[in-house]
Amino acid sequence: MKTFHAERTFRGKIIAADATITDSGVQIGLFGGDKPHIGAVGILDPAGKIMVTQFETHREGILCQQWCEVLAKTGYTPAVVSAGVHYDKASKEEIVQIVQLIHLILVQVYIIQMIVGKQEHVDQRHTVAVQIVDDVAIFLIVHRIGRIDN
């Protein structure tokens, strides 16, 4: 099992994605803002069919749909994506910025999955960092060594 974490900050609050990749599926949690919650859930079945349930008064269904589509393209099925990002009194312009930040997180998670998600040589002894700077992905894979006792 492999886990990945990616995050961005908007208005001083974190928007984060936590991904868990198992031998038989993927689970993504996308939460943040002033009131992290579950507003929608997307399911990508083994055949590639996407089903999204969005709770009343919530708008995160489109995020779940987008993330499921990317997971389907990368072959990570089945998958479950739950999302809940809320900022109090967000303007239309701020909502666009939030969606753009979430898209950057999606790109970051996608890149991590493509690089190390299915590779056996990257294990618990490695730390993988992907930073998006001016739309350029910077990769860092660090081999961690254990403590050496004398």
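Biologist: Is Ala 16 buried or exposed?

Modeller: Ala 16 counts as buried, because its relative accessibility is 11% and the cut-off for buried is under 20%. Bear in mind that this is a predicted model.

Biologist: Where does Ala 16 sit, and what is it in contact with beyond its sequence neighbours?

Modeller: Ala 16 lies in strand β2, residues 13–22. Setting aside neighbours within four places in sequence, Ala 16 contacts His 5, Ala 6, Glu 7, Gly 29, Leu 30 and Phe 31.

Biologist: OK, zoom out. What's the strand order in the sheet?

Modeller: β1-β2-β3-β6-β4-β5. It is an open sheet of 6 strands, and the pairing is mixed.

Biologist: Which strands stand at the edges?

Modeller: β1 and β5 (50–54). Each has a single partner strand, so one side of each has no neighbour in the sheet. From one strand to the next, the twist averages 10 degrees.

Biologist: And how does α1 sit on that sheet?

Modeller: α1 packs on it and touches β2, β3, β4, β5 and β6. The direction of α1 makes about 20 degrees with that of β4.

Biologist: Back to β1 and β2. How many bridges join them, and do they run parallel or antiparallel?

Modeller: They run antiparallel, joined by 9 bridges. Arg 8, for example, has Ile 15 in β2 as its bridge partner.

Biologist: Now the core. How many residues are in the largest nonpolar one, and which have the most contacts inside it?

Modeller: 30 residues. Ile 15, Ile 28, Leu 30, Trp 67, Leu 71, Ile 102 and Val 109 have the most contacts inside that core. The elements giving two or more residues to it are β1 (2–10), β2, β3 (25–33), β4 (40–44), α1 (61–74), β6 (79–86) and α2 (92–117).

Biologist: Why would such side chains gather?

Modeller: In soluble globular proteins, nonpolar side chains tend to be buried together.

Biologist: Pick Ile 102. What is it in contact with?

Modeller: Leaving out neighbours within four places in sequence, Ile 102 touches Ile 15, Leu 30, Leu 63, Trp 67 and Val 85.

Biologist: Last one, the whole protein. How many helices and strands, and how much is buried?

Modeller: There are 2 helices and 8 strands. From the N terminus, the elements run β-β-β-β-β-α-β-α-β-β. Buried residues make up 37% of the 150.

Methods. Residues numbered from 1 in each chain as written. Predicted model: local features only at pLDDT ≥ 70, side-chain atom pairs only at ≥ 80, totals over all residues. Heavy atoms only, no water. Helix = DSSP H or I, 4+ residues; strand = E, 2+ residues; numbered from the N terminus. Buried < 20%, exposed > 50% of the residue type's maximum accessible area, 1.4 Å probe, protein only. Contact = heavy atoms within 4.5 Å. Core = buried A, V, L, I, M, F, W, Y, C linked by side-chain atoms within 4.5 Å. Pairing = 2+ DSSP bridges. Axes fitted to C-alpha atoms, helices over the stretch in contact; angles between N-to-C directions.
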